[in-house]
Amino acid sequence: MDSCPRPDSAPRNDARRSFLKTVLTTAAAAPVVLGATSTSLFAQSPDYLPTLYRGWNVRNFQDILSDENAHVEYLLNGLGTAARPKPTFKNLLQSHVLDFAMVSRALENTGVGAYLGALPLLAGTPYLSPAGSIALIEARHAGYLNTLLNLPITQNVKDQKEAFDLALTPEEVVALAGPFVVDLNGGPPLIPAGGLQNPIDVLNFALALEFLEAEFYNLNVPKFT
């Protein structure tokens, strides 16, 4: 995929369950604290993450940063003049490396669900394959982060371990990621009044989430690596 076609037309239960949503909503107001995962080996220090190989985490987080910036560039190029401006975000810079990893996991699992939910809206368009490709990369990120935090590799954003991943509605995505958004800088609503009805709406919705993820990593990866 060297270029994305322009969308010029518009073809049509327990405490752990709330952990990720709590991370996303509370991180916007205060540093993340350990919830139900505090019994893991990370409970002793907010500055500890395991490493499988020398430099493993640094390489992986730098790759994730590069991937998210590439996703932003790809969507900007595909949307052209229809691209939304970058929203203004808040409270993305984390105090401890474990906080960073926890919010990272929440964002990546949210991204997986967001793309999975959006794919049917792109069926029959040239944008289905690029969006599916990005979704698979987000899933690889999420699997690494789940493993890093000693959680099941396929655990989703609602803390369910399933053999089939969870699609999120646009409203669910906004509920999870919205606390980080200050304003849209004059851009369109995250969800238009009539819902996501065409490729421009869907790709701009994805772009807002990619802007958020990219800025999160651009701020935190240099700090912790």
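Modeller: Here is a tour of the fold, the core, the spaces inside and a few backbone angles.

Modeller: This is a predicted model, so local features need pLDDT of at least 70, side-chain atom pairs count only at pLDDT 80 or more, and totals for chains, interfaces and linings use all residues. Residues are numbered from 1 along each chain as its sequence is written, and side-chain values use heavy atoms, with hydrogens and water left out.

Colleague: How many helices and strands are there in the protein?

Modeller: The protein has 6 helices and 2 strands. From the N terminus the order is α-α-β-α-α-α-β-α. Helices (H or I, at least four residues) and strands (E, at least two) are DSSP runs, numbered from the N terminus.

Colleague: Why should α4 span 30 Å?

Modeller: Helix α4 has 21 residues, 128-148, and at 1.5 Å a residue it should span 30 Å. The expected span is 1.5 Å times one less than the number of residues. The end C-alpha atoms of α4 are 30 Å apart, which agrees.

Colleague: And how much of the protein is buried?

Modeller: Of its 225 residues, 47% count as buried. Buried means under 20% relative accessible area, exposed over 50%, and partly exposed in between, with a 1.4 Å probe and protein chains only.

Colleague: Which residues have the most contacts inside the largest nonpolar core?

Modeller: Phe61, Leu148, Leu212 and Tyr217, in a core of 53 residues. A nonpolar core is a set of buried Ala, Val, Leu, Ile, Met, Phe, Trp, Tyr and Cys residues joined through side-chain atoms within 4.5 Å. Two or more residues of this core come from each of α2 (56-79), α3 (97-118), α4, α5 and α6. The largest share, 13 residues, comes from α6.

Colleague: What does tyrosine 217 touch?

Modeller: Leaving out residues up to four places away in sequence, tyrosine 217 touches Phe61, Ile64, Leu65, Glu68, Phe100, Ser104, Glu108, Leu145 and Pro222. Contact means heavy atoms within 4.5 Å.

Colleague: What lines the largest cavity?

Modeller: Its lining includes Pro87, Phe89, Val181 and Leu212. The largest share, 4 residues, comes from α6. The lining divides into 11 nonpolar, 1 polar and no charged residues. Here Ala, Val, Leu, Ile, Met, Phe, Trp, Tyr, Cys and Pro count as nonpolar, Asp, Glu, Lys and Arg as charged, and the others, Gly among them, as polar.

Colleague: And the largest pocket, what is its volume?

Modeller: About 160 Å³. It is lined by 14 residues, and Ala139, Ile153, Thr154, Gln155 and Asp165 lie nearest its centre. The lining divides into 6 nonpolar, 6 polar and 2 charged residues, and its largest share, 4 residues, comes from α4.

Colleague: Is aspartate 159 buried or exposed?

Modeller: Aspartate 159 counts as buried, at 15% relative accessibility. This residue lies in the loop between α4 and α5, and its phi is positive, near 60°.

Colleague: Where is asparagine 185 found?

Modeller: Asparagine 185 is in the loop between β2 (181-183) and α6. Its phi is positive too, near 55°, and it is partly exposed, with a relative accessible area of 43%.

Notes. On a 1 Å grid over the protein atoms alone, a cavity is a set of points where a 1.4 Å probe fits but cannot get out, and a pocket is an open set with protein on both sides within 12 Å along at least five of seven lines; lining residues have an atom within 4 Å of a point. Grid points are joined across faces, edges and corners, and a volume is the space filled by probe spheres set on the points.
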